[in-house]
Amino acid sequence: MVTKNRENGVLEESKSKIKLPPLYKVMLLNDDFTPMDFVVMVLQTFFFMDQEKATQIMLKIHTEGMGVCGIYPSDIAMTKVQQVNEFSRQNQHPLMCVMEKS
């Protein structure tokens, strides 16, 4: 933003501080029933990961109990959580997707 200094008439650039929205981690939680290939498909479909990245995240979920799928503003994170949970239920899997403030 450019403003005019009243004292000497010189144009000066002032820096606007834009506050970024808070970000949220979207995570998948491990369970003993959802097939690994379904988890990979969810990561590819909803988080746009390639096969290799999706497999890495799936293995992290499997071995550590959860894995971060992405970090998003609140509205996008909430939408992803709802989409994944609904898709999992439609396919009769207990896979859980959750979000937490980053």
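A residue is called buried when its relative accessible area is under 20%, exposed when that area is over 50%, and partly exposed in between, using a 1.4 Å probe and protein chains only. Of the 102 residues in this protein, 30% count as buried.

Before you start clicking: this is a predicted model, in which local features need pLDDT of at least 70, side-chain atom pairs count only at pLDDT 80 or more, and totals for chains, interfaces and linings use all residues. Residues are numbered from 1 along each chain as its sequence is written, and side-chain values use heavy atoms, leaving out hydrogens and water.

**Stop 1: the whole chain**

Show the protein as a cartoon. Along the sequence they follow the pattern β-β-β-α-α-β-α-β.

**Stop 2: the sheet**

Next, select residues 23-29, which are strand β3, together with β4 (66-73) and β5 (96-101). In what order do the 3 strands of the open sheet lie? The order is β4-β3-β5, with antiparallel pairing; two strands pair if DSSP finds at least two bridges between them. β4 and β5 are the edge strands, each pairing on one side only. From one strand to the next, the twist averages 30°.

Now zoom in on β3 and β4, which pair over 7 bridges in the antiparallel sense. Pick out methionine 27 and you will see valine 68 of β4 standing opposite.

**Stop 3: helices on the sheet**

α3 lies across β3, β4 and β5, and runs at about 165° to β5. Axes are lines fitted to C-alpha atoms, for helices over the stretch in contact, and angles run from 0 to 180 degrees between N-to-C directions.

**Stop 4: helix against helix**

Two packed helices are described by the angle between their axes and the distance between the axes.

Note on methods:
Helix = DSSP H or I, 4+ residues; strand = E, 2+ residues; numbered from the N terminus. Contact = heavy atoms within 4.5 Å.
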